Amino acid sequence: MLRAHQKVITLPKYIISIPIPRVLSQSQSQPPTFLLPQVGGRNRYLSLPQRGPRTQTRNFHTFSITMAPPPPQTSSQKGGNAPIVISGPSGSGKSTMVKRLLKQYPDRFALSVSHTTRKPRDGEVDGEHYNFVTKEVFKAEVEKGNFIEHAQFGSNLYGTTFAAVSTIQSTGKTCILDIEMEGVKQMHKSHLKARYLFIEPPSVEVLEKRLRGRGTDSEDAVKERLSQAVKELEYAKVKGVHDRVVVNDELEKWWDGWLGVDGFG
Ligand SMILES: Nc1ncnc2c1ncn2[C@@H]1O[C@H](COP(=O)(O)OP(=O)(O)OP(=O)(O)O)[C@@H](O)[C@H]1O
């Protein structure tokens, strides 16, 4: 219900009714300027063209004004909820980062559930930690072109299906993929729109220390991971492979770095 002190402003698509708390200028020689209700915590002012189309009814005016075009989109906004691909050498801190991200923003991000042919470990739930399938099923899905990326580690196959990503996207969340270098290469070939984030250790020496500190690998496995790390760090230097590189040094600094990444935080 309009009151006498309210005016109707006709915009291209909307008709909005706004209370006008204060007329800042309304002399004959200047266009009338109004203080609008706060938007995003800031005052907005509206100047109306003096000779624009204007009609007067009993208690209020109707103005036609042209709205300013929307601000240009940043690249991350253009990406919408395109998946975020997190990669980096083993021990660089991918899992640490993903865990923190999912804990802090449970409504915003979800980790894609990979397929694997390995047997579930104690406590692992099918469809939650992995989609556990047989080699036959896995290979049939590969044949059908249902995998974005897949690879063999030891005697087991691992991979991400297009469906795993779209299932998360359909919930409105951003899908996170934690994958290694070969997976990144395949993802680029798949032409799936994604944002690529590389987690870089401060140095190979620090990486070695962290791998040993984690205490999950044998001496041979640590050596194997380190030699693979050198290859991954080389590949990460290739232009266009990653949108962002975050050096995982001090945890808090690194987290701020993550949050500062356009559209990733
Ligand atoms: N900024 C950091 N400072 C100190 N230690 C860290 C930091 N980030 C991670 N770590 C430690 O480094 C070790 C390796 O991290 P994490 O397991 O997250 O690596 P990852 O990249 O997920 O490895 P993988 O690919 O083998 O799963 C862990 O013990 C973790 O606690």
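# Talking through a predicted model

Trainee: Which residues of α5 are buried?
Mentor: This is a predicted model, where local features need pLDDT of at least 70, side-chain atom pairs count only at pLDDT 80 or more, and totals for chains, interfaces and linings use all residues. Helices are DSSP runs of H or I with at least four residues, strands are runs of E with at least two, and both are numbered from the N terminus. A residue is buried if 20 or more other C-beta atoms lie within 10 Å of its own, exposed if 12 or fewer do, and partly exposed in between, with C-beta atoms placed from the backbone. In α5 the buried residues are Met 181, Gly 183, Val 184 and Met 187.

Trainee: Within what arc do these buried residues of α5 fall?
Mentor: The arc is taken from the directions that lead from the helix axis to the C-beta atoms. The buried residues line one face of α5, because seen down its axis they fall within an arc of 155°.

Trainee: What covers the buried residues of α5?
Mentor: Here we need contacts, which are pairs of residues whose C-beta atoms, placed from the backbone, lie within 7 Å. The cover includes β8, β12, β15 and α7 (219–236).

Trainee: Which residues does Val 85 touch?
Mentor: Set aside residues up to four places away in sequence. What remains is Leu 177, Ile 179, Val 184, Met 187, Ala 194, Arg 195, Tyr 196 and Leu 197.

Trainee: Which residue in β14 stands opposite Ile 86?
Mentor: Strands β8 and β14 run parallel and are joined by three bridges. Within β14, the residue opposite Ile 86 is Asp 178.

Trainee: And which residue in β14 stands opposite Phe 109?
Mentor: β9 also runs parallel to β14, again with three bridges. Four of the five residues of β14 are buried, so this strand is largely enclosed by the rest of the structure. Opposite Phe 109 we find Thr 174.

Trainee: What arc do the buried residues of α4 cover?
Mentor: Those buried residues are Ala 164, Val 165 and Ile 168. They sit on the same side of α4 because they cover an arc of only 95°.

Trainee: Which turn residue between β12 and β13 has a positive phi?
Mentor: β12 and β13 (residues 156–161) pair in the antiparallel sense over six bridges. Among the bridge partners, Phe 147 goes with Thr 161, and Phe 153 with Asn 156. The two strands form a hairpin with two residues between them, and phi is about 60° at Gly 154.

Trainee: Is Lys 135 buried or exposed?
Mentor: Lys 135 lies in helix α3 (residues 135–143). Leaving aside neighbours within four places in sequence, it is in contact with Thr 117 and Leu 157. With 11 C-beta neighbours inside 10 Å, Lys 135 counts as exposed.

Trainee: Last one: which residues are closest to the ligand?
Mentor: A residue is near a molecule if its C-beta atom, placed from the backbone, lies within 6 Å of it. The shell takes at least two residues from each of α2 (94–104), α6 (204–214) and α8 (251–260). Of the 14 residues that surround the ligand, the closest are Ser 90, Gly 93, Ser 95, Thr 96 and Arg 210.

Conventions: Residues are numbered from 1 along each chain as its sequence is written. Two residues are in contact if their C-beta atoms, placed from the backbone, lie within 7 Å. Two strands pair if DSSP finds at least two bridges between them.
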